[in-house]
Structures are given as structure tokens and as C-alpha cells.
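Morning, everyone. Please bring up the structure, and we'll walk through its rings together.

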Amino acid sequence: DVMGIRYFTLLVLVLVSCGFVSAQDHPAGDSTIFLKEEVVITAQRMEANSSAVAEAVVTATRAEIVRLPSLNTPDAMSSMAGVWMQKTNHGGGSPFIRGLTGYYTLILTDGIRFNNSTFRSGPNQYLVTVDQSTLQRIEVLRGQGSVQYGSDAIGGVAQLFFREPEFANQEGLQTTGRLYAQYMNHDMEYAGRAEVELGSKKFGVLGGIGYKQLGDIHAGGDLGTLSPTGFDEFSWDVKTKV
């Protein structure tokens, strides 16, 4: 028996329709569509629309930080485009931006330097000391940071913006209390935070305390548990605005 192979050609015809819009059919005014319109600060050290800056900036809003099941701030940043997080345990996390980390990648907290040349050049664990529940927004500038921020921003700049207290919209003192809780059964995480906000027309105060209990990391397969990798964390913070 002789088996033959046959080939055939499939022709797909695509029709493209073209048309013209007259001046009277075009809506008046600017019809430019922006995919994501937001204000960033890190790129130029002043507020500017993200679509109007030439630098590569990516942000994570408060809603995105809360929605992510993150154990800490490095976990929250690991989902941001262009950021690779070196994290071998729950008590660490060092961001790589454009292939650089350590004191070649600058971390700011409300415009204040968080790391400097006294930190070691390789990955470090200090970012984990910032509680992600206190953050309002995260901005990451990829590259070109050394022109504005110095030689410790060769790889880029990651700026953490903390939540701010709000002024009261009426006379008198306005008081607000909040309670947050999070539980994850895989690595035995228990986390909670309680905060109080006081505000008037002239000043605002936001303070809170937080506690985390992180268990040992469970290895894959039948490798068991990596011990000791768990730890307890207690934090507190106060921010005022006048």
C-alpha cells in the first residue's frame, strides 16, 4: 500500500471597510482617550499626569494594595510591572528595578530617603519593616532616577506614600475608628490593625497599632516545614497634618 499526503491552500479574504467623517459629524472639543489618567509625583518631584511624563512610572493604589493577599510590603510590590522582588523568607524582600537592588535602588517614604549608602549593596530586608496597611499608594520609577535623586537611584526609585489624616468638614472634632484583620492558613498568618483618626478644620491626626504572627514556610511536596522562618511583628505609627 502507498500512502500519499495531499496539501491544499486555504485562502482567507478579509474585507476592510473605510469611511470618512465630516466635520459636522465629529464631536467638538478634544476627543483624546487616555487609558489610565492618574497623578504621579516621583517622576518629576511634583504632581503631573502619568500620560504627560516621559519616564516609565507604575503605581499601585490603596484599593489594589488592600485587594492583594499580601503578607507585607514586598509582597504588595511584587505584582507591579517592572519590579522583581528577591524574597527568600517572610522577613525580607528587596526590590530589583532594571536589574539593580540594594543601595543602587532608592526607596523613599513620603519623599524621605529610606535607604542610603550605609545599606549593603546586595539584597536587604529593611523594606519589610514598613506595614503595607499604612500605605496609600506606591510609585515605582524605572530607570533615570539618578539625575534627580543621586547615584543611589541608578536602577530606579520606589516611593511609598503613607495614608494621611483628613480634615473635618464641619465644626468640632470628628473621630473615626477602624479595625482590620487578615488570616491565611497556608503559612499560618494572623494579622490585625486598629487605628483612630481625629480631625477638625485645622488639624488631623491618624494613628494605629498593628500585630502580625507569621508561621514557618511550608515547603513543596514532602519536604516539610522550613524552620525557623516564622516571626512575630508589632508596629505603631502616628501622622499629623495641620
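Start with Lys 241. Lys 241 sits over the face of Phe 167, 4.9 Å from the ring centre. This is a predicted model, by the way. Now look for another charge over a ring. Arg 137 lies over the face of Phe 161, and here the distance to the ring centre is 4.3 Å.

Next, rings with rings. How many aromatic pairs does a search of the whole structure find? Four. I'll show you two of them.

A quick reminder first. We describe a pair of aromatic rings by the distance of the centres and the angle of the planes.

Take Trp 84 and Phe 96. Their ring centres are 5.1 Å apart. Their planes meet at 70°, and over 60 counts as edge-to-face, so this pair is edge-to-face. Where are they in the chain? Trp 84 is in strand 4, residues 83-86, and Phe 96 is in strand 5, residues 94-97. Is Trp 84 buried or exposed? Exposed, at 53% relative accessible area.

Now Tyr 183 and Tyr 190. Centre to centre, they are 5.2 Å apart, with 40° between the planes. That pair is tilted. Tyr 183 is exposed, with a relative accessible area of 53%. Tyr 190 is partly exposed, at 39%.

Last stop, Thr 109. Find Thr 109 in strand 6, residues 105-109. Its relative accessible area is 13%, and buried means under 20%, so Thr 109 is buried. What does Thr 109 touch, leaving aside neighbours within four places in sequence? Phe 114, Leu 160 and Phe 162.

How values were computed. Residues are numbered from 1 along each chain as its sequence is written. This is a predicted model: local features need pLDDT of at least 70, side-chain atom pairs count only at pLDDT 80 or more; totals for chains, interfaces and linings use all residues. Side-chain values use heavy atoms; hydrogens and water are left out. Rings of Phe, Tyr and Trp (its six-membered ring) pair if their centres lie within 6.5 Å; planes under 30 degrees apart count as stacked, over 60 as edge-to-face and the rest as tilted. Helices (H or I, at least four residues) and strands (E, at least two) are DSSP runs, numbered from the N terminus. Buried means under 20% relative accessible area, exposed over 50%, partly exposed in between (1.4 Å probe, protein chains only). A charge sits over a ring if NZ of Lys or CZ of Arg is within 6 Å of the ring centre and within 35 degrees of the ring normal. Contact means heavy atoms within 4.5 Å.
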